[in-house]
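Here is a brisk report on one protein model. Please look over the sequence and structure first, then read on.

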Amino acid sequence: VSAAAQADFVTRRSMEDIADVIPVGTGSIIVFNSLNWKRSASVVIDLDKGQEIVDSATNQPVPTEVLSIGNAFRHIRFTAQEVPALGYKVYSARQTSSESPAPKSEPGPTLESPYYKVQLDAETGAVRSIYDKQLNRELVNQESPYRFGEFLYVTGGDKIPNTIQQYDRVSPKPDLAIHPAEKGKIVSVERTPSGQVAHLESTALNTPSIKTEIRLFDAEKKIELVDDVDKTEVLSKEAAYFAFPFDMKNPQFQYEIQNGVVDPAKDLYAGAGYEWFTAQHWVSVQQDGISGTLMPLDAPLVTLGDINRGLWPEKFGERAGTVFSYAMNNYWFTNYRASQGGHFTFHYVVTSAPSTNPSVLSRMGWEEITPLEANIVTSQDKAAINAGQGQTTSVPQNRNSQVSLDAKQQGFLDVDDPNVLLETLKPAEDGNGTIMRFLDFGGTERKVTVRIPYLHADHAWQTDAVERNQAPLSIAADGQLQFTLHPNEIVTIRVTGQEN
């Protein structure tokens, strides 16, 4: 909780510092993209009643989805289009005589987009079928005992000794029982500006409320599932999973780690654990010209083929293509709570393709966990700045420098390679210059070109991880610099110079 509060504080302070030098007026909404490539994504803000969102670049109103309504405001979601790399785009709020249209209710347990047709399962509050229109394939194993995205509550493991609580070859296996979600219902299916959304409810043992939102998108090939879970606090041994049974009998599994991709059937050392795995952003299953991917964004532990049963296998072996999100458990005594009650939110993204493309999935994973940030300019924010809205103006920054920013949109960094992530951009630890740290998920050796428009670079070095200069880098007349990036490498660069 403290870490989340501190991260939010730092983010808001940083956005305020940048917004302070963007020449826009009161009511402007500045949307920031902290990734180093241009992208479109959802933004959620509070908007006064009687107002609408306008794209400053086109001066056209932006379609919005009303999530909830307060006394004087509406909590809305809209899609910010083509926000520049490591930059911002400006929207404005203006008075309007018309209210945003309410979401249109649609009949039946079906969602459909240009990419997928999804059949809902009311009883479990999950998904019965996902048909990929581009691949002409069903993604969900219809023979599985579980529905896609179904919540599972597992009891057992209380009688000690047993192998689910400790690694042991002689203790008995635990007597586990799986209690699936039940008594579910489809609350609504609606059409929104970005696609379709469904809301479902269900319940399970010691889990009185499971509320699921399922979203399909007209412009993106993905499915989002957001589960809000109310969990009763109990002290008996338990675990909770979400099941994702892809229709593959013996697929190749792959999952992303911090700077690479692992095939658990081939890449693990002897003696490694095969019962559960930790995914950085995604885990994929691939077989017979189709790949299905799950992004467990809030719960990085997964089990593959089956739940954790304390079997401690010595080899990965052949497994069915079901991915289980290992959402919670209290099996272990050390460094874990004895109980796990309260309200939890789990966010999943599902996509598919003819084959697993790690670089595309890693890029998508970073987008899913790095939302666009928004800052609404109030009258007090610009009290000391005389800048006309819609103009490019030079305004003071930190009282000792001049920065000229565009009133509509601007990017602060250019990287010519779509498979490179700027992980870090910060002052050097020793105070000498700026540190940039890049991560490769393209998987090949190549030259990468970087340009920072607002930094006049005099010198650049490639450094080690603790920022000790290793080798000088040349800087072109236009401020570009190049470095060599190897597969899955993390490269750290120091740049010294002056701010423009």
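Asn-206 sits in the loop between strand 16 (195–204) and strand 17 (207–217). Helices (H or I, at least four residues) and strands (E, at least two) are DSSP runs, numbered from the N terminus. The model is predicted: local features need pLDDT of at least 70, side-chain atom pairs count only at pLDDT 80 or more, and totals for chains, interfaces and linings use all residues. Residues are numbered from 1 along each chain as its sequence is written, and side-chain values use heavy atoms, with hydrogens and water left out.

Most residues other than glycine have a negative phi, and most peptide bonds are trans. Asn-206 has a positive phi, near 60°. At 24% relative accessibility, Asn-206 counts as partly exposed. The classes are these: buried is under 20% relative accessible area, exposed is over 50%, and partly exposed is in between (1.4 Å probe, protein chains only). Asn-59 also has a positive phi, of about 60°, and is not a glycine. Its loop runs between strand 3 (51–55) and strand 4 (60–61). Asn-59 counts as exposed, because its relative accessibility is 51%. Where is the cis peptide bond at Pro-161? The bond runs from Ile-160 to Pro-161, with omega near 5°. Pro-161 belongs to the loop between strand 13 (150–155) and strand 14 (177–180).

## Overall build

The protein chain has two helices and 39 strands. For 500 residues, a compact globule would have a radius of gyration near 23 Å; the chain has 25 Å, which agrees. That radius is taken over C-alpha atoms, and the globule rule is 2.2 Å times the number of residues to the power 0.38. The C-alpha trace spans about 70 × 60 × 45 Å along its principal axes.

Buried residues make up 49% of the 500 residues. The chain exposes about 23800 Å², and carbon and sulfur atoms supply 49% of that area. Accessible areas come from the Shrake-Rupley method with a 1.4 Å probe; for residues, only the protein chains shown count as cover. Among contacts with a separation of 6 or more, residues 24 or more positions apart account for 67%. Contact means heavy atoms within 4.5 Å.

## The cavity

Rolling a probe the size of a water molecule over the atoms shows where empty space is left. The structure holds one cavity of 30 Å³ or more. On a 1 Å grid over the protein atoms alone, a cavity is a set of points where a 1.4 Å probe fits but cannot get out; lining residues have an atom within 4 Å of a point. Grid points are joined across faces, edges and corners, and a volume is the space filled by probe spheres set on the points. The largest cavity has a volume of about 50 Å³.

Which residues line the largest cavity? They are Met-436, Val-450, Arg-451, Ile-452, Leu-455, Ala-457, Gly-479, Leu-481 and Val-495. Strand 35 (446–451) and strand 36 (455–463) are the elements that give two or more residues to this lining. By class, the lining has seven nonpolar, one polar and one charged residues. Ala, Val, Leu, Ile, Met, Phe, Trp, Tyr, Cys and Pro count as nonpolar, Asp, Glu, Lys and Arg as charged, and the others, Gly among them, as polar.

## Selected residues

Is His-281 buried or exposed? At 3% relative accessibility, His-281 counts as buried. Its place is the loop between strand 22 (277–278) and strand 23 (283–287). Val-44 lies in strand 2 (residues 39–48). With a relative accessible area of 42%, Val-44 is partly exposed. Beyond residues up to four places away, Val-44 touches Leu-67, His-75, Ile-76 and Arg-77.

Gln-142 is in the loop between strand 12 (137–138) and strand 13. Gln-142 is partly exposed, with a relative accessible area of 41%. Apart from neighbours within four places in sequence, Gln-142 contacts Arg-128, Ser-129 and Arg-147. Asp-175 is in the loop between strand 13 and strand 14. Asp-175 is exposed, at 70% relative accessible area. The C-alpha atoms of Asp-175 and Lys-159 are separated by 8.6 Å, and the two are 16 residues apart along the chain.

Definitions and conventions. 1 Å grid on protein atoms, 1.4 Å probe; cavity = no way out; pocket = protein on both sides within 12 Å on 5 of 7 lines; lining within 4 Å.
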